[in-house]
Amino acid sequence: MDLSTRIGGVTLANPLLTASGCGGSGRELAPYTDLARLGAFTTATVMGRPRAGRPTPRMAETPSGLLNAMGLPGPGLDAFLARDLPWLTEHEVPTVVSVGGGSVQEFGEVAGRLAASPAARSIVGVEVNVACPNAEDRGRMFAASPAAAAEVVRAVRGAIHRDVPVLAKLSPDVTDIATIALACADAGATGLSLINTVSGLAIDPATLRPALSGVSGGLSGPALRPVALRCVFQVHAAIPELPIVGGGGVATGSDALEFLVAGATAVSVGTTLLHDPSAPQRILRELEEALAARGMTRPGDAVGLAHRPASAVPQIARPRARIEEFS
Amino acid sequence: MAAYHAMTVVAPAVAERFRPGQFVAVAVGGEHTSLLARRCLPVYEVKPDYGGTVEFVFAADDPGSRWLASRRSRDALDLIGPLGRPFPLPRDPASCLLVGGAHGSSGLFALADALRQRDCKVHFVLAAPHAHQVYGALSAQRIGDSSTVITRDGSLGTAGMVPDLLPAIIDRTEADVVYAAGPTGMLSAVSGIASSLGIPCQVSLGELLGETGACGIGVCASCVLPVIGDDGHTRMVRACAEGPVLRGERVRWTDLGTIPLDALGGPRG
């Protein structure tokens, strides 16, 4: 089956990406998953300066999910360009670089220096983490306002070569995600990555205090999947032509297919990597089988099917009764 | 052994690569589990039986570890390992003091074997609040050149606390190096004493990793702690990837659970 998937002007070998922040620098995941055979590996969010993140505890286990308040830890742009990106390039890993910033200016600077890096040739996309807190707006995330999200997307889009897709990763914690999506598309986003974590809280049953040092955190994993599917469905309905990388608790090929039919062009695997770092190969194989079972020949055949009447959805081919049974 | 569960799994690839101090990351809850964090467990020992077995010891103190404890013979287990930085071994024969707290001591027995193969002296200190929480007292007595058991209430061995009794034991065993595994508070105390006596100390952060680790392989960075590097700068390092064995004097024990102001990428780093 031809699994290749187009996002803007870039063709990925298959529709399966890793989600930002769930695959380390790539080196940690590499013993378990062949990164060169992914649709793309998405880096943890790269910001201008090194960040230690929040103190522990910064992750808690919740029902079918993980709650994290990491505080965007990372080595900073210099170390990323000197160490991490060259490693990914050397290993021919199709890479989506997630960029972040505490201000529109920082987003633009990170994107600009990234585009100028000699190791940039492995970059197949740039993801804009608009869920970063905006230091110039009392820490409110850019993703909460259409205007702020658009401004950040515009700054990154302007710095990145026009052949390289720019994806805005949106937060579900908004009143109307389609409005934010439209603003990002108008600002030049090639596509969207849906969704970032949803805000939550866990209580430590022993201390009866918030389980995370950051008090609230972002929920990820299968617990999030219905929220993510709703976001993908709503945004695809509003802007059908806009490519979407859908993700939220994808753990099986069937989960991935659900995102495609909701309107995603590609699918990201995140929290599942923490639980099963070898999952991508399995999920891709299961997705291929699920598509083939319905007579579909490529992932594109499934995209958006949930928006169409039931009669338009190919059914699972049932094996014919063998003739011997009648003799 | 009342307080803990011991489990042996057939895992030849893990057994073959294992070095003392390393751990395994076990998925709990079965195929459709709602518990997504792996449990990071120190390895007690590996054996060549059945192509290679791995034994680990754990306390069943949460739904995930209780599920693990309820596995039966021949059940399949999803396990990754061996993981993490092992204990470094002395180049020349040395007198080694191995200090284990509660079931953290389970991670010291493979180390003891490796040390003895290098003609090192192996002295054990096993500590726990109460007698039933002491792990491995008989094995320590059998394979150690000496073995001291310390319980807070005196229900087994000497009554007292490790920090009060350790200096005399270091003196008596003429320890050249201290290895410690177990509760974080005990590691901090042991590390401080060894450091003040100028004795190298390697600690295995089993409890910290068990409490804060989620993936075990270094991708999630949930298990970080402040550690001073060779260049003198403090970085937040991952207990699973850069540890679980670290040089005791490099860990900023009083700053655990914080980001020190001067840490790389910290408030003033």
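Reader: What is the strand order of the open sheet of seven strands in chain B?
Author: In this predicted model, the order in chain B is S9-S8-S7-S6-S10-S11-S14, and the pairing is mixed.

Reader: Which are the edge strands there?
Author: They are strand S9 (158-159) and strand S14 (245-247) of chain B, each of which pairs on one side only.

Reader: And how many bridges join S10 to S11 in chain B?
Author: Four bridges join strand S10 (residues 177-181) to strand S11 (residues 201-204) of chain B, and the two run parallel. Within S11(B), the residue opposite B:Ala181 is B:Ser204.

Reader: How many helices and strands does chain B have overall?
Author: Chain B has seven helices and 14 strands. Its radius of gyration is 18 Å, close to the 18 Å that the globule rule gives for 269 residues, so chain B is as compact as a globular protein of that length. Along the principal axes, the C-alpha atoms of chain B fill a box of roughly 50 × 50 × 35 Å.

Reader: What share of chain B is buried?
Author: Of its 269 residues, 52% count as buried. As for contacts in chain B between residues at least 6 apart in sequence, 65% join residues at least 24 apart.

Reader: Turning to the largest nonpolar core, which residues have the most contacts inside it?
Author: Those are A:Val156 and B:Val190, in a core of 194 residues. Helix H3 (residues 146-159) of chain A gives the most to this core, with eight residues. In soluble globular proteins, nonpolar side chains tend to be buried together.

Reader: What is B:Val190 in contact with?
Author: Setting aside neighbours within four places in sequence, B:Val190 contacts B:Val99, B:Val162, B:Leu166, B:Val178, B:Ala180, B:Cys201 and B:Gly248.

Reader: Now chain A. Is strand S7 covered on one face or both?
Author: Both faces of S7(A) are covered, with A:Thr95, A:Val97 and A:Val99 buried on one side and A:Val96 and A:Ser98 buried on the other.

Reader: Which strands pair with S7(A)?
Author: Strand S4 (residues 41-42) of chain A is joined to S7(A) by two bridges and runs parallel to it; here A:Phe41 has A:Thr95 as its bridge partner. Strand S8 (residues 123-129) of chain A also pairs with S7(A) in the parallel sense, over five bridges, and A:Val97 has A:Val126 as its partner in S8(A).

Reader: What do S7(A), H2 and S8(A) make together?
Author: With helix H2 (residues 104-116) of chain A between them in the listing, S7(A) and S8(A) make a right-handed β-α-β unit.

Reader: How many residues of helix H6 in chain A are buried?
Author: Eight of the 10 residues of H6(A) (253-262) are buried, including A:Leu257, A:Phe259 and A:Leu260. Their cover includes strand S3 (16-18), helix H5 (225-238) and helix H8 (279-293) of chain A. After H6(A) comes A:Gly263, with a positive phi near 130°.

Reader: Finally, how many residues does each chain put into the contact?
Author: Chain A provides 29 residues and chain B provides 26 residues. On the side of chain A that touches chain B, H7(A) gives the most, with four residues. By class, that side of chain A has 14 nonpolar, 11 polar and four charged residues.

Notes: Residues numbered from 1 in each chain as written. Chains lettered and ligands numbered in written order. Predicted model: local features only at pLDDT ≥ 70, side-chain atom pairs only at ≥ 80, totals over all residues. Buried ≥ 20, exposed ≤ 12 C-beta atoms within 10 Å, placed from the backbone. Contact = placed C-beta atoms within 7 Å. Nonpolar A, V, L, I, M, F, W, Y, C, P; charged D, E, K, R; others polar. Rg over C-alpha atoms; globule rule 2.2 N^0.38 Å. Core = buried A, V, L, I, M, F, W, Y, C linked by C-beta atoms within 7 Å. Pairing = 2+ DSSP bridges. Right-handed = clockwise from strand over helix to strand, strands pointing away.
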